[in-house]
Amino acid sequence: MTNNKNFSHDIVILGVGMTPVGEHWDLSIRELALEAIAAARSEAPDVLPEAFYAANMLAPALSGQSQLGALLADFAGLRGIEAMSIESAGASGGLALRQAFLGIKSGLLKSALVVGVEKVTDRVGPQVDAALATMTDADYEAVQGITPTTQAALMMRRYLHEYDAPDDALAGFSINAHANAVSNPLAMFKRAIKIEQYKKSPMVSDPINMFDAAPLADGAAAILLTRSDSVPADFNKPLVKIIASAVSSNALALHDQPDPLVISTAEASAKSAYRQADVQPEDIDLFELHDQFTILSALSLEAAGFAQKGEGWKLAADGAIHREGRIPICTFGGSKARGETGGSTGVTQVVEVVRQLQGLAGENQVKNAKIGMAQCLGGIGATAATHILAV
Amino acid sequence: MEISQHWRLKQQRYGLVGEVCPHCEVKIFPPRDICPDCGKDAKTLYQFSGHGEVYSYSTVHQAPAGHEENAPYTVALIRLDEGPMVSAQLTDLGDRALEIGMPVEMVTRKLRSEGERGMLVYGYKFRPVLNPA
């Protein structure tokens, strides 16, 4: 178990950037990535990163492109840099940040650039669903016609059954995400929804309806990191530190989970992160969790200790997750309304946490945000990466 | 998927052959060679009965490529009588109302086809038990 206090230097964020999330017909994967990279680097233009980590989920399947690390680094003008691609489905972004964290903590690197990028709209529905199915167990799930949406649907039905929750128990997660996206200029869906719309929404994979599932879209996000002793003298934003970084893995298949209603990787990585940062769940001012499906929001809140098992849904029903609530989540709209960008999501979440902690979140600002947590999941949780940041 | 990928799973797909741990006797499906409970080697083959009950289910309307011609289809998590859980499509439902806890049994059915000249992939599905005891 890593303990940050054993190391002399804090890891700090020098720059963040992201593209709007949506259908970018006019932009290729490299152009999307460059837009985010340029935005992040513009916040500390004199810092040349020493390593480059590219997070992505589907480029080999949907863009016929591998070696994104080299491709994107070269396109961004960083020829010669140590570069690599990192793939762990929806957790890719968190894992890429983890690699940058490890590299700088080790003392071997002084700075690193993390970029997450996903380009999905060049292909149509069934092909994208087949690509997404590769993040399930190919031999025992995908062959049965199962996709991550089906896995989440199986979890959601059992959850509602086991805890005797109403059919619309999870609606609050979707409503909250949409409400928060209204004032986010980078969000895909900048409009609020009402419970009536949720209830009338068509089923995707019952009981998951259209508003329980996040839309997969194009987007990129980037983060420039360095050591606390290497911050440029003229850096003029509040300095955000990464005070915890943790990753956990487990079986891909839902049927292989000891308890399908516990995301054990989310629990393990959150616990490890709390220990590293020496904080408790009640110290967290906002939590960017991975709401690819509403059921994952409920289970992530339970896994991270914000609710007892079976009671995560009540935090949506009673408003605790709102921006003014006890534990604000998806403060810029989350995957549901900002838009889900696969391997980029984990980077996007941290960009949003940084903006909150810097006090630069505009209308989306959580008041007095000092400690923020980001957690992304690969599939329904075979991989989880949790980071805690503080200002 | 290619022919060899399916062929080497024939015992699992057609016979629901898993493993039993020689150390702690836990039954394992799908086979994984290392016991998930005690962490020791578990390579002793074990034939499952094919009986279980529905733990959860969902009907897929938006199918991935390769499964479109079967949509809509119903997928379930099934708790096998011997303990492990398995993911499989449900079949032969007729107009029976589906519910959690429903007893089901394994049958062999076509899982997917890959065009007129392509491979037909067979394997296990589960159906409601015809004559529950």
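View 1. B:E25 is partly exposed because 13 other C-beta atoms lie within 10 Å; a residue is called buried with 20 or more other C-beta atoms within 10 Å of its own, exposed with 12 or fewer, and partly exposed in between, the C-beta atoms being placed from the backbone. The structure is a predicted model, in which local features need pLDDT of at least 70 and side-chain atom pairs count only at pLDDT 80 or more, while totals for chains, interfaces and linings use all residues. To find your way around, residues are numbered from 1 along each chain as its sequence is written, chains are lettered from A, and ligands are numbered from 1, in the order in which they are written. B:E25 is found in the loop between β1 and β2 of chain B; helices (H or I, at least four residues) and strands (E, at least two) are DSSP runs, numbered from the N terminus. Its phi is positive, about 65°, although B:E25 is not a glycine.

**View 2. Strand β1 of chain B and its two partners.** Here β1(B) (residues 17-20) is joined by 4 bridges to β3(B) (residues 44-47), and the two run antiparallel. Strands count as paired if DSSP finds at least two bridges between them. Which residues stand across from B:V20? In β3(B), its bridge partner is B:T44, and in β2(B), B:V20 stands opposite B:K27.

View 3. B:L16 lies in the loop between α2 (10-15) and β1 of chain B. Although B:L16 is not a glycine, it has a positive phi of about 50°. Is B:L16 buried or exposed? B:L16 counts as buried because it has 22 C-beta neighbours inside 10 Å.

**View 4. Two cis peptide bonds in chain B.** The bond from B:F29 to B:P30 is cis, with omega near -10°, and B:P30 sits in the loop between β2 and β3 of chain B. The bond from B:A71 to B:P72 is also cis, with omega near -5°. You will find B:P72 in the loop between β4 and β5 of chain B.

**View 5. Where chain B meets chain A.** In this view, 29 residues of chain B are in contact with 28 residues of chain A, contact meaning that the C-beta atoms of two residues, placed from the backbone, lie within 7 Å. The elements of chain B that give two or more residues to this side are β4 (51-60), β5 (73-80), β6 (85-90) and β8 (120-128). Which element gives the largest share of the side of chain B that touches chain A? That share, 6 residues, comes from β4(B). By class, the chain B side divides into 17 nonpolar, 11 polar and 1 charged residues; Ala, Val, Leu, Ile, Met, Phe, Trp, Tyr, Cys and Pro count as nonpolar, Asp, Glu, Lys and Arg as charged, and the others, Gly among them, as polar.

**View 6. Strand β10 of chain A between two neighbours.** Strand β10(A) (residues 371-378) is mostly covered, with 7 of its 8 residues buried. Strand β9(A) (residues 286-288) is joined to β10(A) by 3 bridges, and the two run parallel; A:F287 has A:M373 as its bridge partner in β10(A). With β11(A) (residues 383-390), β10(A) pairs in the antiparallel sense over 8 bridges, and A:G372 stands opposite A:L389 in β11(A). β10(A) and β11(A) form a hairpin with 4 residues between them, and A:G379 in the turn has a positive phi of about 60°.

**View 7. Helices α6 and α10 of chain A.** Helix α6 (residues 148-162) and helix α10 (residues 294-303) of chain A pack at an angle of about 65°, with their axes 9 Å apart. Axes are lines fitted to C-alpha atoms, for helices over the stretch in contact, and angles run from 0 to 180 degrees between N-to-C directions. A:A152, A:M155, A:M156 and A:Y159 of α6(A) meet A:I295, A:L296 and A:A298 of α10(A). This contact has 7 nonpolar residues, with no polar and no charged ones.
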